[in-house]
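Colleague: I am new to this model. Please take a single part, look at it closely, and then tell me how far the rest can be read.

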Amino acid sequence: MAIPMKDESTQAKTLTITKPEARLYMSFIHVAFIALLVGGAMGLLQTLVRSGKFTLPFGIGYYQILTVHGVILGLVLTTYFIIGFQFALMGKTVGISKKQRKAAWLSLWVMVAGTLMASITILLGKASVLYTFYAPLKAHPAFYIGLALVIIGSWIAGFVNWRQLYLWKKQHPGEKSPLLAFMVVINMIMWFIATLGVAATVLIQFIPWSLGYSATINVLVSRTLFWYFGHPLVYFWLLPAYMAWYAIIPKIIGGKIFSDSLARMAFILFLFFSIPVGFHHQLTEPGIDATWKFIQVSLTFMVVIPSLMTAFSMFATFEITGRKKGFKGLFGWFRHLPWKDVRFFAPFIGMVAFIPGGAGGIINASHQMNEVVHNTIWVTGHFHLTVATTVVLTFFGISYWLVPHLTGRKLTKNINRLGIIQAVTWTVGMLIMSGSMHIEGLLGAPRRSAFSTYGGTAQAHEWAYYQLAQAIGGSILFIGIILMVYIFIKLAFFAPKGVEAFPIAEEEKDAQPTPMFLENWKLWVGITIALILFAYTIPFVDIIQNSPPGSPPFTMPIGNN
């Protein structure tokens, strides 16, 4: 069990992370950074192929590297980093027992086994079905079994997190839970409920179909179950970044948490409105009643509320902290933020990127505007702006203090300076690549397509400039990946020995007490389930009753966003 110790402010108690715990947490993060390097290389190859100036060697297929890129970065990098980070947060705030640590190791090895199964089938060309693996595209059974194991492993991690908070609450009756532990539990509840959809389609539809026990598959059911999972997947990526924004960045800038209650309510609202909204990814799908599409689009826009709450909370924290330090004028507080501290600088760029990213999300979720960009490379550009910039840069910012804290090393001035360079390199590369994707998408260029598959020489000529820009941006991004992997290796193995702080901010001394009803888990989970049943029961029954006969395997990628 971790050892209690007082935080330097003496207002709150934290825990010391022991070496066995640190090895566990770092194991997840090691896998994440291996995925960053492999997936990034595949992304570079994609942009080079799409530029029309490069041909893949050794008979490697474009959709093969596209699948590797999507699965390794979209699923492996994010899931492993998030679970490792969340375990560290729980260990620091509520502790982890020896039994819980053993279960956490089991979650890691189950996930690794699944990841290897899925990866091998992709590399052998047996699962070039993209990370969305839409039916009627068909992969080797090992691919689907591997995905199922990754999900099961993540469930084990979630059960450990819930157990950690449950035991802490038993030992601290009447006390509110630590904010970060509360946030982790919310995120894993959302993840568990959401992954029930993808687990159902993989176990009930895809695995029997791929094994030959079923000749056909109900495509609309499989896509509906995927997008029941696919949209909350985005918030599973995003909420750990929000954890850092709400509770860690304030400590780094020398401030306090703006509002504990607001932070908890924002996470509760994300739990409510992240899951029953999958139809906004299926607006052009036949077989789904337009009324239910409209209802789910309306629910989708509800996530704007906690997003704006978060933006207000963060900039309020920045301004209040600056004013307390004596910085005057309208923007004096802004000029004096710690711009030379990469632990703040990288996540702040992620925050800024989420402004246009969120605006693009509103367009994607809108019934009419979605028709303009649906299935175009605009959606890919949006994806890279939100996940690959907002989330990934925040994860990088977390790594600068978390990795040395776990390995007993120091973030040196030289590594900090190199981190600033890495963040700027990443930002420049992403601006060029994502910006050109957005413009090319408005011109009608499809997503998920290699350059050679485009029809019409006039269109190909019009899009060629943006394809070249994407190759340039992708090359700069790959340089950023090499820098980040180098920094990670330095922080994990070669930086000077020392003690790096685990920055957890606290509330103001005179803050209003957090209402205890915010931890009424039965109420919040019950409302979430009620919203899901309302949004999905009738249309799902209608889909099953009125679907045409199932589809056989197909040989080329098709589908929606």
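Modeller: A residue is called buried under 20% relative accessible area, exposed over 50%, and partly exposed in between, using a 1.4 Å probe and protein chains only. His438 has 14%, so His438 is buried. The model is predicted: local features need pLDDT of at least 70, side-chain atom pairs count only at pLDDT 80 or more, and totals for chains, interfaces and linings use all residues. Residues are numbered from 1 along each chain as its sequence is written, and side-chain values use heavy atoms, with hydrogens and water left out.

His438 lies in helix H15, residues 413–442; helices are DSSP runs of H or I with at least four residues, strands are runs of E with at least two, and both are numbered from the N terminus. Neighbours within four places in sequence aside, Trp378, Gly381, His382 and Leu385 are in contact with His438, contact meaning heavy atoms within 4.5 Å.

As for the rest, confidence is given by pLDDT, the predictor's score for each residue from 0 to 100. The protein chain averages 90, and 93% of the residues score at least 70. Residues 1–11 are one of them, with 32 contacts beyond four places in sequence. Residues 553–561 also stay under 50, and there the model has 37 such contacts beyond four places in sequence. Where pLDDT is low, the predicted coordinates should not be read in detail.
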